[in-house]
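The sequence and the structure are shown first.

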Amino acid sequence: LLMVIRFGGKDGNPMFLGSVDATFFGYGTVVGFSCVVPAVLVTYCVGGDPSHVELLLNCLGGVMFCALGSVAVLFDQGSLGDKKNMEKLLTSVLENLGASTSFNEGGTLLAVGILSILAGFVFLADLGFISSNPK
């Protein structure tokens, strides 16, 4: 998911998720949990037990990844928000030049949406498993 967001834009550029806010939310979610998940896995490898912080991280990860996936799918379908004046101007310039008006490679937004929603469900399933099976 991290590599798709990083290289999923046109010509290998980072993806654009519809607005600057959504894009930063997506980058922050993916990069943040790319740092947290290996730390949790290393804790398990050295014999650590689940803690309350891990329950909170799983809940937060499930909600954030599901929200990221929903935003990506909505933007892919074209039903997310209005176009701002600057985006309209840039799109019209690109159309006049005969260039592509998409900021992302075809299909990458849908792929990010599906993978994010699946990752969110994995975090929520892990939350349920840890909650029902405390050590």
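## Overall architecture

Helices are DSSP runs of H or I with at least four residues, and they are numbered from the N terminus. The model discussed here is predicted. Its secondary structure consists of five helices and zero strands, so that the order of elements from the N terminus is α-α-α-α-α.

The chain has 135 residues, of which 27% count as buried. Among the contacts with a separation of 6 or more, 77% join residues 24 or more positions apart.

Two residues of the loop between H1 and H2 are described here. Pro 14 is placed in this loop, and its relative accessible area of 39% makes it partly exposed. The C-alpha atom of Pro 14 is separated by 8.4 Å from that of Val 4, 10 residues away along the chain. Phe 16 is also found in the loop, which runs between helix H1 (2–7) and helix H2 (20–45).

Is Phe 16 buried or partly exposed? The cut-off for a buried residue is under 20% relative accessible area; because Phe 16 has 22% relative accessibility, it counts as partly exposed. In space, the C-alpha atoms of Phe 16 and Phe 75 are 9.8 Å apart, although 59 residues separate them in sequence.

Thr 23 belongs to helix H2. With a relative accessibility of 8%, Thr 23 counts as buried. Leaving aside residues up to four places away in sequence, Thr 23 touches Met 15, Phe 16, Leu 17 and Gly 18.

## Packing of H2 against H3

Two packed helices are described by the angle between their axes and the distance between the axes. For H2 and H3, the axes come within 10 Å and cross at roughly 145 degrees. This crossing of H2 and H3 is left-handed.

Residues of H2 in the contact include Ala 22, Phe 25, Gly 26, Val 30 and Phe 33, while those of H3 include Leu 57, Gly 61, Phe 65, Leu 68 and Val 71. By class, the residues of the contact of H2 with H3 comprise 14 nonpolar, three polar and one charged.

## The largest nonpolar core

Which residues make up the largest nonpolar core? It has 12 residues: Met 15, Leu 17, Ala 22, Val 30, Phe 33, Phe 65, Leu 68, Ala 72, Phe 75, Leu 109, Val 112 and Phe 123. Two or more residues of this core come from each of H2, helix H3 (52–77) and helix H5 (108–132). H3 gives the most, with four residues.

Ala 72, a member of this core, touches Leu 109, Val 112 and Gly 113 when residues up to four places away in sequence are not counted.

## Aromatic pairs

A search of the whole structure finds four aromatic pairs. One of these pairs is formed by Phe 65 and Phe 123; it is stacked, with 5.6 Å from centre to centre and 10 degrees between the planes. This pair links distant parts of the chain, since Phe 65 lies in helix H3 and Phe 123 lies in helix H5, 58 residues apart.

Phe 65 and Phe 123 are both buried. Together with Phe 33, they form one aromatic cluster, and Phe 33, Phe 65 and Phe 123 are also among the residues of the largest nonpolar core.

Definitions and conventions. Residues are numbered from 1 along each chain as its sequence is written. This is a predicted model: local features need pLDDT of at least 70, side-chain atom pairs count only at pLDDT 80 or more; totals for chains, interfaces and linings use all residues. Side-chain values use heavy atoms; hydrogens and water are left out. Buried means under 20% relative accessible area, exposed over 50%, partly exposed in between (1.4 Å probe, protein chains only). A nonpolar core is a set of buried Ala, Val, Leu, Ile, Met, Phe, Trp, Tyr and Cys residues joined through side-chain atoms within 4.5 Å. Contact means heavy atoms within 4.5 Å. Rings of Phe, Tyr and Trp (its six-membered ring) pair if their centres lie within 6.5 Å; planes under 30 degrees apart count as stacked, over 60 as edge-to-face and the rest as tilted. Axes are lines fitted to C-alpha atoms, for helices over the stretch in contact, and angles run from 0 to 180 degrees between N-to-C directions. A crossing is left-handed if the near helix is turned anticlockwise from the far one by less than a right angle, and right-handed if clockwise. Ala, Val, Leu, Ile, Met, Phe, Trp, Tyr, Cys and Pro count as nonpolar, Asp, Glu, Lys and Arg as charged, and the others, Gly among them, as polar.
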